Amino acid sequence: MVGQLADIHRLASAEIVVGVDGSDASERALDWAVALAAEHRRVVRVVHGLGLDRVSRVFGRYAVWVPPVLCAARVRAETLVERCARRARDAAPEVRVDTEVSAEGPAALLRRLSGSAYLTVLGAAGTNGLRTHLGTTLLAVTAHGFGSIAVVRTDSETDVVRGVGPVVVGVDGSAVSEAALGAAFEESSQRGAELVAVHVWNDTNFGEFAGDPYLLFLVPDIEVNEHAVLAERLAGWQEKYPEVTVTRSVAMSSPAGVLRKWSESAQLVVVGSRGRGGFGGLLLGSTSNSLVQHAQCPIMIVHPAM
């Protein structure tokens, strides 16, 4: 399984893409992305979507294509991305920074670029992910993007992006969490950070359903089994990344609640993207969705290679 995760997102040419709109949240996301690019030796692409299709619905198609209107919108966007590029180059002169302004809406632009990006980065502010620098773009990209999508969230008490603490990964034994494990081990290795692998085995209301097979077993027996499941999932990755110190955590609780609690001390939480149902329109599971909106550190949502 470990050897199957190589894809276009891992190519040396794959960039770290960051969406900006001039807000404080997007600047924090930019700073975080640039620091990551320096660690991973990646190119940063600073992008902004004009969303001219939405403008056309408000002002009428004719107004959008009046040259002065179109020109003014593009000039403002190009000024923004160039200012962000200067900020990035000042912070890390060794990092190559490219820019892109597109007529596409921000969600469509970021989703398209995520198809070949090493990582796509967005910023978020407050305790509710819907009040973000790109508004509904955040959930649209995290749910329907490709590869790894990072949402840069701050600590609720300090309003800063935490740069210390462990990397925490949610493991449920699925192919989706296998992809998340690969990303988490890589991040832990690059950062020289401890990796905490969290396996929450009771995520379906323990004992509530008559057909629940766990009703036939004692809780201590179940815990032994779940520890074995976690150990099996980690074995190959620990061989590939022997330098990473791994702490295992098995809990009988809500996965979203446990991972939100870990986000209070972690520098990064990594999770898979797909809910149990796997419906095409609901690619962001309830745990990932909760973390995107309420975590207190950056979140990485990893979509498995298709």
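In strand S10, Val302 is the bridge partner of Ser148. The model is a predicted one, in which local features need pLDDT of at least 70 and side-chain atom pairs count only at pLDDT 80 or more, whereas totals for chains, interfaces and linings use all residues. Residues are numbered from 1 along each chain as its sequence is written, and side-chain values use heavy atoms, with hydrogens and water left out.

The secondary structure of the protein chain amounts to 10 helices and 10 strands; helices (H or I, at least four residues) and strands (E, at least two) are DSSP runs, numbered from the N terminus. An open sheet of mixed pairing is formed by 10 strands in the order S3-S2-S1-S4-S5-S10-S9-S6-S7-S8, two strands being paired if DSSP finds at least two bridges between them. Strand S3 (97-102) and S8 are the edge strands, each pairing on one side only. On average, neighbouring strands of the sheet are turned by 20° against each other, direction ignored.

Of the 6 residues of S3, 5 are buried, so the strand is largely enclosed by the rest of the structure. Buried denotes under 20% relative accessible area, exposed over 50%, and partly exposed in between (1.4 Å probe, protein chains only). Buried residues account for 51% of the 306 residues in the protein chain.

The largest nonpolar core has 54 residues, and those with the most contacts inside it are Val18, Val46, Leu119, Val121, Val169, Phe185 and Val270. At least three residues of this core come from each of domain 1 (1-161) and domain 2 (165-270), with domain bounds taken from an automatic or database domain assignment. A second, separate core of 28 residues includes Leu110, Val198, Ala266 and Ala295. A nonpolar core is a set of buried Ala, Val, Leu, Ile, Met, Phe, Trp, Tyr and Cys residues joined through side-chain atoms within 4.5 Å. Residues touched by Leu119, not counting those up to four places away in sequence, include Trp32, Ser148 and Met300; contact means heavy atoms within 4.5 Å. Among contacts in the protein chain between residues at least 6 apart in sequence, 79% join residues at least 24 apart.

In helix H9 (residues 255-262), the buried residues are Pro255, Ala256, Val258 and Leu259. Seen down the axis of H9, these residues fall within an arc of 165° and so line one face of the helix, the arc being that of the directions from the helix axis to the C-beta atoms. Their packing partners are strands S6 (167-170), S7 (195-200), S8 (246-251) and S9 (268-272), together with helix H10 (286-294).

Two loop residues other than glycine have positive phi values. Arg41, with phi of about 55°, lies in the loop between helix H1 (24-40) and S2 and counts as exposed at 78% relative accessibility. Asp159, with phi near 60°, is found in the loop between S5 and S6 and counts as partly exposed at 42% relative accessibility. Ala124, in the loop between strand S4 (119-123) and helix H6 (137-144), counts as buried at 1% relative accessibility.

Key: Axes are lines fitted to C-alpha atoms, for helices over the stretch in contact, and angles run from 0 to 180 degrees between N-to-C directions.
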